[in-house]
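Hi,

Here is the structure I said I would pass on to you. Have a look at it first, and then read my notes below.

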Amino acid sequence: MQLKTLAVASAALCMPAAALPQAAPVNAEAAFGLITIKSGSQVQNSGVQASLRSLFVNLPQQNATCDAEHNFATFYIKDSKLYLYPRKPTSCGNHDEELQTIFVDRSGMGMGKIGYITGDEGLGRYWETEGWALGDGGLKFKDTGIQACPNSIDGGWSLWLQGVQKPGWNENCTAVNTKPVATENAIGCRYSTEM
Ligand SMILES: *[C@@H]1O[C@H](CO)[C@@H](O)[C@H](O)[C@H]1NC(C)=O
Ligand SMILES: *[C@@H]1O[C@H](CO)[C@@H](O)[C@H](O)[C@H]1NC(C)=O
C-alpha cells in the first residue's frame with residue numbers, strides 16, 4: 001500500500017529519516033486519540049489503548065513500542081478504515097514498521113469483537129475493516145457505537161461493538177460514547193501482537 005511505497009522509495013534514495021514524507025494523514029484524516037465517556041462509571045474519561053490485538057481502557061500498561069513514552073493509542077481514519085498511527089522509520093534501511101489495521105467481527109461468533117491486524121496478516125472470514133467514522137457519540141462502525149466490559153486483563157476493560165449483551169461472554173458491559181482528542185504531534189507506536 002501507500003506506506004510500503006513510501007518505504008521502498010525512501011530506501012532507494014537512502015534519505016535520512018527526518019526527511020521522509022510522513023505517513024500521517026491530515027485534516028479529516030488527522031491522528032486522534034479517543035477517550036470513553038460514561039459519567040459515573042470507571043470508564044469516564046478513560047484513554048483508549050491498543051494491546052494484545054484488541055482495544056482496552058484502564059490498562060496499567062498497554063506495552064506498545066512507541067516513538068515516545070505513551071500509554072494510549074493514536075488512530076486515524078482513511079477511506080473509512082481505521083488505523084493505528086505507525087512509528088516513524090528510525091534510520092536508513094529500517095522501514096519494517098507495518099500498518100496496523102482495526103477490524104470488527106459482527107458475526108455470531110465474533111459478537112462485536114474489535115481487534116487489529118499487523119501488516120498483511122490476513123483477515124478472518126467475517127472480519128470487516130471498512131465502515132468507521134467519527135460522528136455524534138464518537139467512533140462508530142456503520143452507525144454502531146462502542147461498549148466497554150470490565151474484568152479484562154490487568155483490571156482493564158475491553159472494548160467491543162455494541163449490540164450483543166455479553167460479547168465474548170463478558171458480563172456487565174456498558175455502552176459508552178467515545179470522544180476524539182486531537183493530537184498535534186502524534187506519537188507513533190507499534191502495538192503488541194501477542195495474543
Ligand atoms: C504489560 O507487561 C507487563 C510486564 O511484562 C505485564 O505484566 C502486563 O500483563 C502486560 N500488559 C499487557 C496488556 O500486555
Ligand atoms: C456483574 O454485576 C453484578 C451486579 O453488580 C455482580 O453481582 C456480578 O458479579 C458481576 N459479574 C461480573 C462477571 O463481574
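Cys 66 and Cys 189 are joined by a disulfide, with an S to S distance of 2.0 Å. Keep in mind while you read that this is a predicted model. The Cys 66 and Cys 189 link is right-handed, with 100 degrees about the S-S bond. Cys 66 sits in strand β5 (residues 65–66) and Cys 189 in strand β16 (residues 189–190), so this pair ties together parts that are 123 residues apart in sequence. Both of these cysteines, Cys 66 and Cys 189, are buried.

How many disulfides does a search of the whole structure find? It finds two, and the other one is formed by Cys 149 and Cys 173, whose sulfur atoms are 2.1 Å apart. The link of Cys 149 and Cys 173 is right-handed too, with 110 degrees about the S-S bond. Here Cys 149 belongs to strand β13 (residues 146–149), while Cys 173 is in the loop between β14 (157–161) and β15 (174–182), so the parts tied together are 24 residues apart in sequence. Are these two cysteines buried or exposed? Cys 149 has 0% relative accessibility and so counts as buried. Cys 173 has a relative accessible area of 19%, and because the limit for buried is under 20%, Cys 173 is buried as well.

**The two ligands**

Which residues surround ligand 1? They are Ser 51, Leu 52, Leu 59, Gln 61, Asn 63 and Asp 154. By class, that shell has two nonpolar, three polar and one charged residues. An N or O atom in the side chain of Asn 63 is 2.3 Å from an oxygen atom of ligand 1, and a polar side-chain atom of Asp 154 lies 2.9 Å from an oxygen atom of ligand 1. On its own, ligand 1 has 360 Å² of accessible area, and the protein covers 52% of that.

Asn 63 itself is in the loop between β4 (54–57) and β5. With 55% relative accessibility, Asn 63 counts as exposed, because the cut-off for that is over 50%. Asn 63 and Leu 52 are eleven residues apart along the chain, and their C-alpha atoms are separated by 8.9 Å.

Ligand 2 has Asn 151, Glu 171 and Asn 172 around it. Starting with Asn 151, an N or O atom of its side chain is 2.9 Å from an oxygen atom of ligand 2. For Glu 171, a polar side-chain atom lies 3.3 Å from a nitrogen atom of ligand 2. In the case of Asn 172, a polar side-chain atom lies 2.3 Å from an oxygen atom of ligand 2. Taken alone, ligand 2 exposes 360 Å², and the protein buries 32% of that.

**Two serines**

I also looked at a couple of serines. Ser 46 lies in strand β2 (residues 46–47) and, at 7% relative accessibility, counts as buried. The side chain of Ser 46 reaches the backbone oxygen of Gln 42 at 3.4 Å. Leaving aside residues up to four places away in sequence, Ser 46 touches Leu 34, Ile 35, Thr 36, Val 57 and Asn 58.

Where does Ser 107 lie? Ser 107 is in the loop between β8 (100–105) and β9 (113–118). Even in that loop, Ser 107 counts as buried, at 15% relative accessibility. The side chain of Ser 107 makes a polar contact of 2.6 Å with the side chain of Asp 105.

**The whole protein**

Finally, the overall figures. The protein has one helix and 16 strands. Of its 195 residues, 42% are buried. Take the contacts between residues at least 6 apart in sequence: 56% of them join residues at least 24 apart. The accessible surface of the protein comes to about 10200 Å², and carbon and sulfur atoms account for 51% of it.

That is what I have for now.

Cheers

Notes. Residues numbered from 1 in each chain as written. Chains lettered and ligands numbered in written order. Predicted model: local features only at pLDDT ≥ 70, side-chain atom pairs only at ≥ 80, totals over all residues. Heavy atoms only, no water. Disulfide = S-S within 2.5 Å. Helix = DSSP H or I, 4+ residues; strand = E, 2+ residues; numbered from the N terminus. Buried < 20%, exposed > 50% of the residue type's maximum accessible area, 1.4 Å probe, protein only. Polar contact = N/O pair within 3.5 Å; in protein donor to acceptor, adjacent residues only side chain to side chain. Near = heavy atom within 4 Å. Areas by Shrake-Rupley, 256 points an atom, 1.4 Å probe, with all protein chains shown as cover. Nonpolar A, V, L, I, M, F, W, Y, C, P; charged D, E, K, R; others polar. Contact = heavy atoms within 4.5 Å.
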